[in-house]
Amino acid sequence: YKVFPCLELVFKKNKNTFGDTLLDTMNWYLVYGSERIKENRDQIQMLFRIADEAMFSTEPTITTNNSEGAIFLQIVFQIFQGTNVLDEFFVNILDRVVERLNGTAQLAVKPVLKKHLLQVFLSAIMYNSAATLQYLDEK
């Protein structure tokens, strides 16, 4: 797990994309290392920085229209369901998803991305249904 914190640097070097294997690698770290990761606030923050940068990247080489970040958030919510590890970041994460859903002139929301962003809310419901429904009710 000494390598795990370096994955953010790999992500940035890869122009804020997961490339061919980084998403799979991070998924495996989450699946098999969630107990270790949930004890380290910095690592959890790193997960959200990566997802956020992927969702909002304006790199011209991105062919997935920022969907990778939304897919990664879905994975994170699903891995940590049944815990309270993400609670302190929960509203901020969903606010960023809503911000991305709203789009901008520079970052349009294509149907594929919209689908993945909405699926983040489904995964958030799996993580904490009461908090997600309260969030949606307030919006």
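**Note on helix packing and the nonpolar core**

1. Setting aside residues up to four places away in sequence, Phe-77 touches Leu-86, Phe-90, Ile-93, Leu-94, Val-120, Ser-123, Ala-124 and Tyr-127, where contact means heavy atoms within 4.5 Å. The model is a predicted one, in which local features need pLDDT of at least 70 and side-chain atom pairs count only at pLDDT 80 or more, while totals for chains, interfaces and linings use all residues. Residues are numbered from 1 along each chain as its sequence is written, and side-chain values use heavy atoms, with hydrogens and water left out.

2. Phe-77 also belongs to the largest nonpolar core, which has 41 residues and in which Met-26, Leu-47, Phe-72, Phe-77, Phe-80 and Leu-86 touch the most other members. Such a core is a set of buried Ala, Val, Leu, Ile, Met, Phe, Trp, Tyr and Cys residues joined through side-chain atoms within 4.5 Å. Two or more residues come from each of the helices H1 (7–13), H2 (22–37), H3 (41–56), H4 (67–79), H5 (90–102) and H6 (111–127), and H3 gives the largest share, 9 residues. Helices here are DSSP runs (H or I, at least four residues), numbered from the N terminus. In soluble globular proteins, nonpolar side chains tend to be buried together.

3. Phe-72, in helix H4, is buried at a relative accessible area of 0%; buried means under 20%, exposed over 50% and partly exposed in between, with a 1.4 Å probe and protein chains only. Beyond residues up to four places away in sequence, Phe-72 touches Phe-18, Leu-23, Met-26, Leu-30, Leu-47, Ile-50 and Ala-51.

4. The geometry of H3 can be checked against its residue count: at 1.5 Å a residue, its 16 residues should span 22 Å, and the end C-alpha atoms are 23 Å apart, which agrees. The expected span is 1.5 Å times one less than the number of residues. The N-terminal end of H3 is capped by Asn-40, a side-chain oxygen of which lies 3.0 Å from the backbone nitrogen of Asp-42.

5. The buried residues of H3 are Gln-43, Ile-44, Met-46, Leu-47, Phe-48, Ile-50, Ala-51, Asp-52, Ala-54, Met-55 and Phe-56, and what covers them includes H1, H2, H4, H5 and H6. Among these residues, Gln-43 is buried with a relative accessible area of 12%. Apart from its neighbours within four places in sequence, Gln-43 is in contact with Phe-4, Pro-5, Arg-36 and Ile-37.

6. Which residues make the contact between H6 and H7? Phe-121, Ala-124, Ile-125 and Tyr-127 take part from H6, and Ser-129, Thr-132, Leu-133, Tyr-135 and Leu-136 from H7. The axes of H6 and helix H7 (residues 129–138) come within 5 Å and cross at roughly 135°, and the two helices are therefore oblique to each other. The axes are lines fitted to C-alpha atoms, for helices over the stretch in contact, with angles from 0 to 180 degrees between N-to-C directions; under 35 degrees counts as roughly parallel, over 145 as roughly antiparallel, 65 to 115 as roughly perpendicular and the rest as oblique.

7. Ile-125, which lies in helix H6, is partly exposed at 31% relative accessibility. When its neighbours within four places in sequence are left aside, Ile-125 is in contact with Thr-132 and Leu-133. Ile-125 and Gln-81, 44 residues apart in sequence, have C-alpha atoms 9.0 Å apart in space.

8. Thr-83, in the loop between H4 and H5, is partly exposed at 24% relative accessibility.

9. Asn-14, placed in the loop between H1 and H2, is partly exposed with a relative accessible area of 32%.

Technical notes:
Polar contact = N/O pair within 3.5 Å; in protein donor to acceptor, adjacent residues only side chain to side chain.
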